[in-house]
Amino acid sequence: MADRWLLRGAEVITCDPTQEDLPRGDVLVEDGVIVAMGPELRVSDCRVVDLRGKLLLPGLIDAHRHTWQTPLRALGADWTVMDYLAAVRVKLAPAFQPEDVHAANLAGALEALDAGITTLVDYSHCIESPEHADAALTAIDDSGIRALFAYGLAAGPLESTSLPTHASRLADARRLRTTRLTSDTGRIRMGIALTEMQVPWEQSRAEVLAARELGVPITAHCSAWPVSGPSEVQRLAAEGLLGPDLLFVHCTFSSDDDLQRIADSGGSIAVTPETELQMGMGFPVTGRALRAGVRTTLGCDVVSSNGGDLFTAMRLALQVERARAHERDGLSRVLALKAARMLSMVTLDAAEALGLGHITGSLRPGKEADLIVLAADALNLTPLNRPRDAVVLQAHAGNVESVMVRGRWAKFQGALVDVDVEAVRRRVVQARDAVLTRVGGPSALLGEREALAEHWELGAAKDA
């Protein structure tokens, strides 16, 4: 018998413009692919899962996460962006050993799966050696999640003996592309995460060109604070380097002209509302980006300061934009940004931003079976009056009962499948302890705050 699952009787949210939602429908999955959808499918020779009283929808897509920071959970609860850079990028990142990165990425990817995230953009910028890169990639693969492993080209504040030059980092990225990440159809694909573009422009240009030589998507932090001189988007546009393979992150200080340049080039933006609001990066660009016609997605960013689920990100992005509209209009007579719009930002829009729209991001026959099951019979979703709106405004990670990636259950009826959760927890706690010991403990984390000017141009950013 082929690997066939009949998911029976759920309320199905397809997030697909060609496929209507089903108030009560069945989904047939065979060998990892959705082969049929409809009410009361007549199918034999398959395993049946009764989903009456449940919501079935596409798996969520986190378009920006630094997964390696999982051991640092909540240490940055009160950090500004300057605190974060001083503690995490300058102090803590060099203290991570490959085994710490593996423990962090495994725990972080499993956390994402547990919260209904089936695809993850891992912005992996804690690569101090080829061994770090291999450990990070192996952990993401081990978790079972679908991912874009975005190799971070940013060098740490200390010279690496293994990767001492920019050229050596580009060569190591090329090593992974030509060995472990040759496939563009596998569950894990390769991407490139650019160094911050406040470094010499020649280096950023070389990174973009190298990524295009490798034929992989590109992601980059962009305009998260005001800087002197041309913006990142302006520099790219001036040399004809914008394109649909670019996923910009933040863009809170992007001009309207830059947003239009991104839209016209087919590029995308990942908004990370929780970090942007906390760290003083400006207000999330959600509404401005949508009005400019930019494909807009959401990300969790860092659990070192905030949560790791997209339900929270959807709500924050939506309500901040509504609050700004009320402030602008005096009192809006109509809420222009609709709740259901947020759901497409973490499903089909995000898939298309990653070049995966043909295989994931929505539910329809022919797509791979990346899907999640929510307990619609939970009190916080009862009565279920407007399913799409309820997912955005009432659901939370605790409602995620089951998660399927490429037809394989990663979580089933409340529990991660084939995962020793206690062992994962022990390892990530050990990584936390080891890293903090190497830097002198939590009290030493902000010791490098005044030296930030050596690493980043923070423009008009002020002390908290």
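Helices here are DSSP runs of H or I with at least four residues, numbered from the N terminus. In this predicted model, helix α1 covers residues 81-92 and contains L85. The relative accessible area of L85 is 3%, and because buried means under 20%, L85 counts as buried. The C-alpha atom of L85 lies 9.0 Å from that of L446, although 361 residues separate the two along the chain.

An open sheet is formed by eight strands with parallel pairing, in the order β6-β7-β8-β9-β10-β11-β12-β13. Strands β6 (60-65) and β13 (295-298) stand at the edges; each has a single partner strand, so one side of each is left without a neighbour in the sheet. On average, neighbouring strands of this sheet are turned by 25 degrees against each other, direction ignored. Within the sheet, β7 (residues 117-124) and β8 (residues 146-152) pair in the parallel sense through six bridges. L120 has A147 in β8 as its bridge partner.

Helix α3 consists of 14 residues, 130-143. From its first C-alpha to its last, α3 reaches 20 Å, close to the 20 Å expected at 1.5 Å a residue. The buried residues of α3 are H132, A133, A135, A136, L137, A139, I140 and S143. An α-helix has 3.6 residues a turn, so residues three or four places apart point the same way. The elements covering the buried residues of α3 include the helices α2 (98-114) and α4 (166-178), together with strands β7, β8 and β9 (188-193). After α3 comes G144, which has a positive phi near 95 degrees.

Methods
Residues are numbered from 1 along each chain as its sequence is written. This is a predicted model: local features need pLDDT of at least 70, side-chain atom pairs count only at pLDDT 80 or more; totals for chains, interfaces and linings use all residues. Side-chain values use heavy atoms; hydrogens and water are left out. Helices (H or I, at least four residues) and strands (E, at least two) are DSSP runs, numbered from the N terminus. Buried means under 20% relative accessible area, exposed over 50%, partly exposed in between (1.4 Å probe, protein chains only). Two strands pair if DSSP finds at least two bridges between them. Axes are lines fitted to C-alpha atoms, for helices over the stretch in contact, and angles run from 0 to 180 degrees between N-to-C directions. The expected span of a helix is 1.5 Å times one less than its number of residues. Contact means heavy atoms within 4.5 Å.
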